[in-house]
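Hi everyone, thanks for coming. Have a look at the model on the screen, and then I'll walk you through how its parts are put together.

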Amino acid sequence: MVLSFFKNIHLFKNEPTILFFHGVTPRIIDREVQDIHLEENQFIKMIKKLQKKYIFLSMNEIEEYRKTNYKIPKNSLILQFDDGYENNLKVVYPILSYFKIPFTIFITTNNVEFGTRFPTFIAKIALKYTSKKKIEIPNLLKINNYRSSDWNFIYKNKIKNLIKNSEVKTSHKIIKILEDLIPDFLWSELIEKYDSDKPLNWKQVKKLSNSGVEIGSHCCNHNILHSLQPKELIRLEIVESKKIIKKKLGRCDYFAYPNGSINDICCEAYKIAKRNYSSAFTSISGTLNKCINSYLIPRSSITNSKCENILNEILAIKKNNPKYMIWQKEFVKR
Ligand SMILES: [Zn+2]
């Protein structure tokens, strides 16, 4: 008993942690619209703090650790970025390559291909900038006296959940209705204004890949892979995105579930990811150890508020691990 307790302490100390981000931008215009991006100066400050205490590992090093008895350095971190924003090349890459820190980007292939913005960005902008007083999503939502000053409340409490938790056809309908809240000329203006949310293009993805940045898949269309989605859609999102990335870059070994929290990963998605990738990543907080499932790997999202207090945040992630281990055990029984 005493022996195994000490063994666990030893393991605990050495468990690497994955931190994931979305974007980093030189200037935040609106903190609420750009809630998934960190400001460049804030990001640099955080990296400097982390560098004093942690060692940064690449995905290859982590794979080695998980498969063999490769000794992992104490206090190690892995950095990942979801969605594939252009600022990952223009802002993140120069900073992290200066500090010689490896990182991974999970791209959504159709956003890279067509340059389209992500649904949550469209929703936030539409709600914030519309001048319409009536918003109606048939059978789901009706607001007669809409005030755009309430946009973030409506977004966070109603629209975000509707987009993320509905079946794909309904999500598309909602996005179309929201898009129509704003005239085309205003869309062009706002898309230019919020360039933090512009996705990478293939030329930029290739440049990153050639510079040693690991590129993984984050689906074709960022559809959330919950149990309401048609099976064929889940298969396409996971398998086709890999095929496309492999064709463009030569390989694609890693997958990150869109949204990636407990209700965003159905059994079908897990099984397909397992057949097609060497590991898959969730957004459920926890640290890495040899007992975790390679297709339900925990990661912790670092948002603006967590960034300020990063060292304490990392300690909190370690504490959350028992919860993660229980969830993972239950999931694989399903
Ligand atoms: Zn995402």
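Predicted model: local features only at pLDDT ≥ 70, side-chain atom pairs only at ≥ 80, totals over all residues.

Residues are numbered from 1 along each chain as its sequence is written.

Where they touch, domain 1 gives 10 residues and domain 2 gives nine residues. Contact here is when C-beta atoms, placed from the backbone, lie within 7 Å.

Now the inside. Which residues touch the most other members of the largest nonpolar core? They are Ile215, Ala269, Ala273 and Ala280, in a core of 62 residues. Helix H4 (residues 87-98) gives the largest share of this core, five residues. A nonpolar core means buried Ala, Val, Leu, Ile, Met, Phe, Trp, Tyr and Cys residues joined through C-beta atoms within 7 Å. Buried means 20 or more other C-beta atoms within 10 Å of a residue's own, with exposed at 12 or fewer and partly exposed in between; C-beta atoms are placed from the backbone. A second, separate core has 16 residues, among them Tyr155 and Leu178.

Let's zoom in on Ala269. Not counting residues up to four places away in sequence, Ala269 touches Leu225, Ile234, Ile238 and Tyr257. In helix H12 (residues 267-276), Ala269 is buried, and so are Tyr270, Ile272 and Ala273. The cover over those buried residues includes helix H11 (231-249), strand E10 (254-256) and strand E11 (279-281). Helices (H or I, at least four residues) and strands (E, at least two) are DSSP runs, numbered from the N terminus.

Last stop, helix H6 (residues 119-129). The axes of H6 and helix H8 (residues 168-179) come within 9 Å and cross at roughly 35 degrees. With helix H7 (residues 151-165), H6 packs at about 145 degrees, axes 10 Å apart. Axes are lines fitted to C-alpha atoms, for helices over the stretch in contact, and angles run from 0 to 180 degrees between N-to-C directions. Against H8, H6 uses Pro119, Ile122, Ala123 and Ala126 to meet Ser171, Ile175, Leu178 and Glu179. On the H7 side, the contact includes Ala123 and Leu127 of H6, and Tyr155 and Ile159 of H7.

Conventions. Contact = placed C-beta atoms within 7 Å.
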